[in-house]
Amino acid sequence: MHVLIAGGGIGGLTTALAFQKLGHRVTVFEQSHQLEEVGAGLQISPNGMRVFDALGVSARVEKDAFRPRAQELRFGKGGARILTIPVRDVSRARWGGEYLHLHRADLIDALGGALKDRQPDAVQLGCRVVSYTQDETSITAHLDTGEQVSGDLLVGADGIHSVIREQMIGADKPRYTGNVAWRAVVPVSELGEHAPPETASVWVGSRRHAVTYRLRRGSLANLVGVVECKERLIESWSATGAREQALKDFKGWSPVIRTILQKAEVLNRWALYDRDPLPVWSEGRAVLLGDACHPMLPFLAQGAVMAIEDAYVLARAVTTSATVPDALAAYESIRKPRASRVQAGARRNAALFHRGDPISKLFTYGPIWFAGQFLPSFAHGQHDWIYAHDVTTLPDAGV
Ligand SMILES: Cc1cc2nc3c(=O)[nH]c(=O)nc-3n(C[C@H](O)[C@H](O)[C@H](O)COP(=O)(O)OP(=O)(O)OC[C@H]3O[C@@H](n4cnc5c(N)ncnc54)[C@H](O)[C@@H]3O)c2cc1C
């Protein structure tokens, strides 16, 4: 098949690698003039790494990554630890893959580089897909350059503001969650004694929380700071905010958080909107994947990983099904329950991290502390349904 892919982000490039591996020809249309990503970090959990293992790209992905020692839950004020779950020495044995922290640009470089080696003409840069038309036997992507390119399948991996989704289903109506996320990346060498620990740490507090972790072999510190905020800001990777506001939002918090906010060259600010699962994922030979299909709040760090899982399942369904409609029906039936469950789990975590009054803090974090101290296997087990999920060994159910 000739598979057209709108969007050269993490979802689009993984889709291209998966189809290419299974013997198809791919064309990725990316609107930017180079394959690039915003300056921010990403956690890739074992369920995503299993796909990279199967696609033979893990060595490239791991090259500049950081392997965190553990996941931690801490109080934002004072920094006391509530829970520590070891991951570095546990991840492969328990969940079947590494748990990594990556700079987004490093991941895009690794995936784009692998694709270029395997099919040098796969990516067309500076090409925005504006619409599609189709008949019984083919689908045509219409580009903003006026060019039209036909293939057997069009994958909409064009992110949260997807034009493929809009044509398929109509304009979406996202709900503002009342949260904005500050984002910053700072060299660890500039943070001195206040460098964040070598862990994936969630710092909790009243109506706000922060996440810190290290990137690029440990040389960079990444911060995401989520704050409840009435003002409706825009949903954009490039929107920025004022340092005074960020410091005000995290007043009295651990110097680990405040030092990153003080040292960051740029403080990005992304408003968090929520969306319900879509009624349909495909129309004829057009199909959605990743954020275009099931955008989710970042509170389980699974949005990109779900796009990676989607990519593998879609390529395999298309390869093993008799017809395209059969393949897309199988893809949706396998992926929808999983993506919707993760979407709902991420929504629940927002409240868990923002407890304010002492009673709800005690009843929320007390049992978590107890489990971490006395039932470590129970604490690990809470992640099994996400991290141990292996799309590379799913039977071709329904395909
Ligand atoms: C604060 C924050 C933290 C997060 N942390 C994590 C994490 O730790 N782990 C995790 O797994 N997920 C995380 N996520 C979610 C993750 O960022 C997304 O789920 C992921 O980037 C989705 O990938 P995608 O390829 O579907 O879309 P995108 O990354 O949005 O890529 C879409 C691509 O398509 C291109 N494009 C768009 N429209 C067109 C068009 N019409 N034609 C051609 N090209 C087009 C864009 O330029 C872009 O390159 C986080 C999200 C946020 C907001």
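Here is a short chat about the strands and helices of this predicted model.

Q: In what order do the six strands of the open sheet run?
A: The order is β7-β2-β1-β11-β18-β17, and the pairing is mixed.

Q: Okay, and which are the edge strands?
A: Those are β7 (123-125) and β17 (282-283), since each pairs on one side only.

Q: In what sense do β1 and β11 pair, parallel or antiparallel?
A: Parallel: β1 (residues 2-6) and β11 (residues 153-156) are paired over four bridges. For example, Val 3 has Leu 153 in β11 as its bridge partner.

Q: What holds strands together like that in general?
A: Strands of a sheet pair through backbone hydrogen bonds.

Q: Which strands does helix α1 touch?
A: Helix α1 (residues 10-21) packs on the sheet and touches β1, β2 (25-30) and β11. Its direction makes about 170° with that of β2.

Q: Switching topic: what's going on with the faces of β6?
A: Both faces of β6 (residues 100-103) are covered. Leu 100 and Leu 102 are buried on one side, and His 101 and His 103 are buried on the other.

Q: Which residue has His 101 as its bridge partner in β6?
A: Gln 43 does. Strand β3 (residues 41-44) pairs with β6 in the antiparallel sense, over four bridges.

Q: And how many residues does helix α5 have?
A: Helix α5 (residues 104-118) has 15 residues, and it reaches 21 Å from its first C-alpha to its last.

Q: Which of its residues are buried in α5?
A: Among them are Arg 104, Asp 106, Leu 107, Ala 110 and Leu 111.

Q: What covers the buried residues of α5?
A: The cover includes α1, β3, α3 (58-62), β6 and β7.

How values were computed:
Residues numbered from 1 in each chain as written. Predicted model: local features only at pLDDT ≥ 70, side-chain atom pairs only at ≥ 80, totals over all residues. Pairing = 2+ DSSP bridges. Helix = DSSP H or I, 4+ residues; strand = E, 2+ residues; numbered from the N terminus. Contact = placed C-beta atoms within 7 Å. Axes fitted to C-alpha atoms, helices over the stretch in contact; angles between N-to-C directions. Buried ≥ 20, exposed ≤ 12 C-beta atoms within 10 Å, placed from the backbone. Expected span 1.5 Å × (residues − 1).
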